[in-house]
Amino acid sequence: MIATKIIPDFSAPVHIDQVGIEERASRFTKRSIKNESKINGLKLALNMIDLTTLEGKDTQGKVKQLCYKALHLHDTYPGLPTVAAICVYPSMVKTAKIALRDSGVKVASVATAFPSGQSTRDIKIRDTKYAVQNGADEVDMVISRGKFLEGEYNFIFDEIAAIKEACGEARLKVILETGELVTYDKVRKASDIAMYAGADFIKTSTGKISPAATMPVTLVMLEAIRDFYYKTGKKIAMKPAGGISKSKLALHYLVMLNEVLGEDWLNNEWFRFGASSLANDILMQLMKQKTGVYQSADYFSID
Amino acid sequence: MATTTGNRLEVLKTYKIYIGGQFPRTESGRYYIATNSKKEKLANVCLSSRKDFRDAVGKARGAFGGWSGRAAFNRGQILYRIAEMLEGRKAQFVDELMKQDSTKAQAEKEVSLCIDRLIYYSGWCDKFQQLFSSVNPVASSHFNFSNPEPMGVIATIAPQGDSLLGLVSVIAPIIAGGNTCVALASNTKPLCAVTFAEVLNSSDLPGGVVNILTGKVAELAPFFADHMDVNATVYCESDATTQKMIKEKSALNVKRVVLYDKVKWNDAGGQSPYFIMDLQEIKTTWHPIENIGGAKAGY
């Protein structure tokens, strides 16, 4: 723990080198990862997934099915890890909690008027408390992007701090919705605000807005985490979400994570993928490595 | 290879593969030199890898829903359109066939036959279903009927000899029946296959329905046979070792194996609705009804 917390002046401009970030991010995709390291990388990525269903049409049955999948990813492949967590709406937390029992798979709940965040502070706090009381281990909040774009940085800071307090023991993920912040400068600023205000994770997107997670935007956030760690000694976790559906891309993210933050972050306590279809693609790749035969979606579970 | 006519350097065509409605080079970056019987160099051709095949299967799978879901009549229209486009580029195909050792008369006959064959299968698109469907008598209160439905993604190793006619003759019944396919063109005579892909690309055929690769049969055949997302493998040569290998590997996901090693593509036996039926599943539906045949007595 840090004794004194020096909060920087968020109104000061931040400058991110856009060309440099994009160039650097593209370099991570050039690494060749084969055989043994590929298998280990895929298993690690699988273990970092927050298996997600955030639809208006979600039912208890759908959530139970997803929880079953989390525990039985592909039973014909013995020794597979489970995913890290199931990510659902607050109303589904209790169902998920019962379905997952003591498996060690966590239940994450979105809260704070997800995905738009257009509501009052009071409602957001109650939304959060509802999720936590139902047993959520992690809370994924959204920031008020409108207020952020208006320059109301203190509002955002106070909002995150208030939700953090409402979370209690639960770990707080702060969704910046980078697709609505548009520039890397704003992403970096929002990351800094979130971390100083008490976020345990910073997360790119809700998955409802395009573009969602991209490698450059994740790189900006990882660098923010690195700088924050050097300044305060406190580790913050990262969660890119949305648009990561192929194993190859997931491996690129792991390469980036390793080269920016290092091995300490290479586990599901400090890094997550928010995804729904990534798990199946990784499973198909693992089975390809094991059997030597290209796989078909016909032989894997649908969700 | 470059030849000059007058003072102008002739622009030669790059023969690329056809995947998902686009013309990429092979991901492997490899190529081989296609020659004629006099060992004259004709073109550099992509030596496709297993990953090109994997990508092509992915595209074919993606295109399957849309293609099989189209009205059969519309599929017929598109096959007719392919024939129209082929007719318009007849001269180019004749020229390429002649480069690959055909005489002018042979080449013209082969191209005409290809066009006619496409028209033939175009007509069958919305007719074979009636011919091969049946209403079945059953001893319960059900209306019971069977009809053909496309299998899915078909991996085809095209005839090596009749480079254009063979390819057209195996692809046409596959797509007429609502399947999508990945075809490996003739290794020794690949020129027409690539040009045929250009014809497909300009004839309203959705990208991914037909994918055409060039390369070595021995290298790619095992993947054509063991890819889990392929529903049937078609092989047109009589090489017994390859046939056995394809049958064994296809057993992995119980693929259908269709061997056309005795078909003569250039005569009347080279076209038939049974070629469409070779790659169809028969689906039987039991539809509950109040009573059978409008009478209380039943069968």
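Colleague: Looking at contacts in chain B between residues at least 6 apart in sequence, what share join residues at least 24 apart?
Modeller: In chain B, 75% of those contacts join residues at least 24 apart in sequence, and please keep in mind that this is a predicted model.

Colleague: And how many helices and strands does chain B have?
Modeller: Chain B has 10 helices and 12 strands, and buried residues account for 44% of its 299 residues.

Colleague: What does its radius of gyration say about chain B?
Modeller: The radius of gyration of chain B is 21 Å, which agrees with the value near 19 Å that a compact globule of 299 residues would have. Along the principal axes, the C-alpha trace of chain B spans about 90 × 40 × 30 Å.

Colleague: Which strands are joined to β8(B) by bridges?
Modeller: Strand β7 of chain B, residues 153-157, runs parallel to β8(B) and is joined to it by five bridges, while strand β9 of chain B, residues 210-213, also runs parallel to β8(B) and is joined to it by four bridges. Within these pairings, C181(B) stands opposite I154(B) and opposite V210(B) in β9(B).

Colleague: How does the chain get from β7(B) to β8(B)?
Modeller: The chain passes through helix α6 of chain B, residues 163-176, in a right-handed β-α-β crossover. Another right-handed β-α-β unit is made by β8(B), helix α7 of chain B, residues 191-201, and β9(B).

Colleague: Switching topic, where do the two chains touch?
Modeller: The contact takes seven residues from chain B and five residues from chain A, and the chain B side has three nonpolar, one polar and three charged residues.

Colleague: Over in chain A, is helix α12, residues 278-291, enclosed or open?
Modeller: Helix α12(A) is largely enclosed by the rest of the structure, because 10 of its 14 residues are buried, including L278(A), I282(A) and M287(A).

Colleague: What covers those buried residues?
Modeller: The cover includes α2 (35-47), β1 (49-52), α11 (247-260) and β8 (273-275) of chain A. Just after α12(A), G292(A) takes a positive phi of about 80°.

Definitions and conventions:
Residues are numbered from 1 along each chain as its sequence is written. Chains are lettered from A and ligands numbered from 1 in the order in which they are written. This is a predicted model: local features need pLDDT of at least 70, side-chain atom pairs count only at pLDDT 80 or more; totals for chains, interfaces and linings use all residues. Helices (H or I, at least four residues) and strands (E, at least two) are DSSP runs, numbered from the N terminus. The radius of gyration is taken over C-alpha atoms; the globule rule is 2.2 Å times the number of residues to the power 0.38. A residue is buried if 20 or more other C-beta atoms lie within 10 Å of its own, exposed if 12 or fewer, and partly exposed in between; C-beta atoms are placed from the backbone. Two residues are in contact if their C-beta atoms, placed from the backbone, lie within 7 Å. Ala, Val, Leu, Ile, Met, Phe, Trp, Tyr, Cys and Pro count as nonpolar, Asp, Glu, Lys and Arg as charged, and the others, Gly among them, as polar. Two strands pair if DSSP finds at least two bridges between them. A crossover is right-handed if, with the strands pointing away from the viewer, the path from the first strand over the helix to the second runs clockwise.
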